[in-house]
Amino acid sequence: MLTGKEIVLGVTGSIAAYKAVELLRELIKREASVTVVMTEGARQFITPLTFATLSKRPVLTDLFTLDYHSRIAHLSTAEGADLLLVAPATANILGKFANGLADDLLTNLFLAAHVPIVIAPAMDLHMWQHPAVQENVRTLQARGIRFVGPEIGELASGLYGPGRLAEILEIIRAIEAILVSPQDLVGMVVLVTAGPTQEPLDPVRYVSNRSSGKMGYAIAEAALARGAKVILVSGPTSLKPPSSVETSFVQTAEEMREAVLKHLPEATIIIKAAAVADYRPVRVLPSKLKKTGEPLTLELIPTPDILEELGKKKEGRILVGFAAETENVIEHAREKLSKKNLDFVVANDVTKEGSGFASETNLVTILDREGHVEELPLLSKKEVAHRILDRVVALLQKRRGG
Ligand code: CTP
């Protein structure tokens, strides 16, 4: 079911536009609330009245109208949505999406939306196979947009091959996989660390790193959605944790260690996404360090390696670490896996585009104790979080002998 989910359904000018009616009916049957946005091309194939009648909402077509609350339609619609689905999507709309063009309501909405986006293309065989279209698809996929189909089959032109809109139930399944989380962590207590640590030097300065905390917060949210009790130990970030997550805010590595050890007895799963500073200034100066014009040497000493300590105390817990690397990613990650006694390690090359600290996406490789190396595609941090939790659940099931 999709009860309470707000879906924006974008319909574009393909012959398959009539199938979007069936798609809308299936969404409504699953109790989703759907706002339909039609391009001018789509309106050549089918009238807004059909969609308006089924969705019981006005169909949005015009960029320059205000919505019923006198707000700009593309912004208010994007704000309230849980997911944007574009089905059928033409070669033209893929080109516009990939290149950031915004000349109608749907393309503006696409740029304004900060929600998962699913695209189900439908077009003729040669159009789909054209290198320009394929490149646009790759560009969009690399930005975390999901594609369903097209399917192979008989096309409106009489040709046979890929180009048919995916089966309606296939599209629904893709949406459910994104919007409905399995309740497979009920009864588990997931302890997550997130963000950087800051190691003070004097009252105004500190040593830190570029971590934004987004990956750790995404894991906390995903674990919560899957039914776990979640404890978050967070370094300084600009993010707001979900209200039902028990959060301890810390500044230094030592404070993070104390908070983690305090919650350790309760935790069954520990995921250390924090980028802990490895060194701190030997002493914190009581007043601001004054410049002398001379070179300055900072003396640093190592901070405690929290994960390594947890590795020694883990008992039956599942312990997951991260490895942020800039070279020899797999080799270094493998060392951390064994040295810190982890169940698996999530490695990323923070120098790669779309990967690492401030990014909304992440490109990671998961390495486990059995020697498996799983390279994930570029995904949103939310999706990476779910993939990590999928692995945790698989491990739990294995341990239970299931
Ligand atoms: N970690 C930790 N305590 C530290 C340093 C790191 O708990 N003082 C954890 C991180 O949360 C992460 C993992 O160890 O899960 C790996 O962190 P990373 O910075 O990639 O590696 P380091 O062990 O610090 O090694 P190096 O900096 O040499 O790569």
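1. Helices (H or I, at least four residues) and strands (E, at least two) are DSSP runs, numbered from the N terminus. The model is a predicted one, in which local features need pLDDT of at least 70 and side-chain atom pairs count only at pLDDT 80 or more, while totals for chains, interfaces and linings use all residues. Residues are numbered from 1 along each chain as its sequence is written, and side-chain values use heavy atoms, with hydrogens and water left out.

2. Helix α5 covers residues 91-99, and seven of these nine residues are buried, so the helix is largely enclosed by the rest of the structure. Buried means under 20% relative accessible area, exposed over 50%, and partly exposed in between (1.4 Å probe, protein chains only). The buried residues are Ala-91, Ile-93, Leu-94, Gly-95, Lys-96, Phe-97 and Ala-98. The elements that cover them include the strands β3 (83-89), β4 (117-121) and β5 (146-147), and also the helices α6 (105-112), α7 (125-129) and α8 (131-142).

3. How do α5 and α6 pack? Their angle is about 40° and their axes are 10 Å apart; that makes α5 oblique to α6. Axes are lines fitted to C-alpha atoms, for helices over the stretch in contact, and angles run from 0 to 180 degrees between N-to-C directions. Angles under 35 degrees count as roughly parallel, over 145 as roughly antiparallel, 65 to 115 as roughly perpendicular and the rest as oblique. The crossing of α5 past α6 is right-handed. A crossing is left-handed if the near helix is turned anticlockwise from the far one by less than a right angle, and right-handed if clockwise.

4. In the contact of α5 with α6 (contact means heavy atoms within 4.5 Å), Ile-93, Lys-96 and Phe-97 of α5 meet Leu-106, Thr-107 and Phe-110 of α6. By class, this contact has four nonpolar, one polar and one charged residues. Here Ala, Val, Leu, Ile, Met, Phe, Trp, Tyr, Cys and Pro count as nonpolar, Asp, Glu, Lys and Arg as charged, and the others, Gly among them, as polar.

5. Helix α5 also packs with α8, at an angle of about 50° and with the axes 9 Å apart. The two helices are therefore oblique to each other, and α5 passes α8 in a left-handed crossing. From α5, the residues Ala-91, Leu-94, Gly-95, Phe-97, Ala-98 and Asn-99 meet Val-133, Asn-136, Val-137, Thr-139 and Leu-140 in α8. This contact has seven nonpolar, four polar and no charged residues.

6. A further helix pair is α1 (residues 19-29) with α9 (residues 168-179), packed at about 45° with axes 10 Å apart. α1 and α9 are therefore oblique to each other, and α1 passes α9 in a right-handed crossing. Lys-19, Glu-22, Leu-23, Glu-26 and Leu-27 of α1 meet Ile-168, Leu-169, Ile-171, Ile-172 and Ile-175 of α9. The residues of this contact divide into seven nonpolar, no polar and three charged.

7. The largest nonpolar core holds 36 residues, of which Leu-185, Ile-219, Ile-269, Ile-271, Val-320, Phe-322 and Ile-388 touch the most other members. A nonpolar core is a set of buried Ala, Val, Leu, Ile, Met, Phe, Trp, Tyr and Cys residues joined through side-chain atoms within 4.5 Å. Elements that each supply at least two residues include β8 (189-194), α10 (214-225), β13 (269-272), β16 (318-325) and α14 (381-399). The largest share, eight residues, comes from α14. Apart from this core lies another, of 34 residues, among them Ala-20, Ala-32, Val-36 and Ile-168.

8. What is Leu-185 in contact with, leaving aside its neighbours within four places in sequence? Its partners are Ala-223, Arg-226, Gly-227, Ala-228, Ile-269, Leu-389, Val-393 and Leu-396.

9. Thr-3 lies in the segment before β1 (6-11). Thr-3 is partly exposed, with a relative accessible area of 48%. Leaving aside neighbours within four places in sequence, Thr-3 is in contact with Arg-30 and Glu-31. From Thr-3 to Glu-325 the separation is 322 residues in sequence and 41 Å in space, C-alpha to C-alpha.

10. For the protein chain overall, there are 14 helices and 21 strands, and 50% of its 402 residues count as buried. The C-alpha trace spans about 70 × 60 × 40 Å along its principal axes. Of the contacts with a separation of 6 or more, 67% are between residues 24 or more positions apart.
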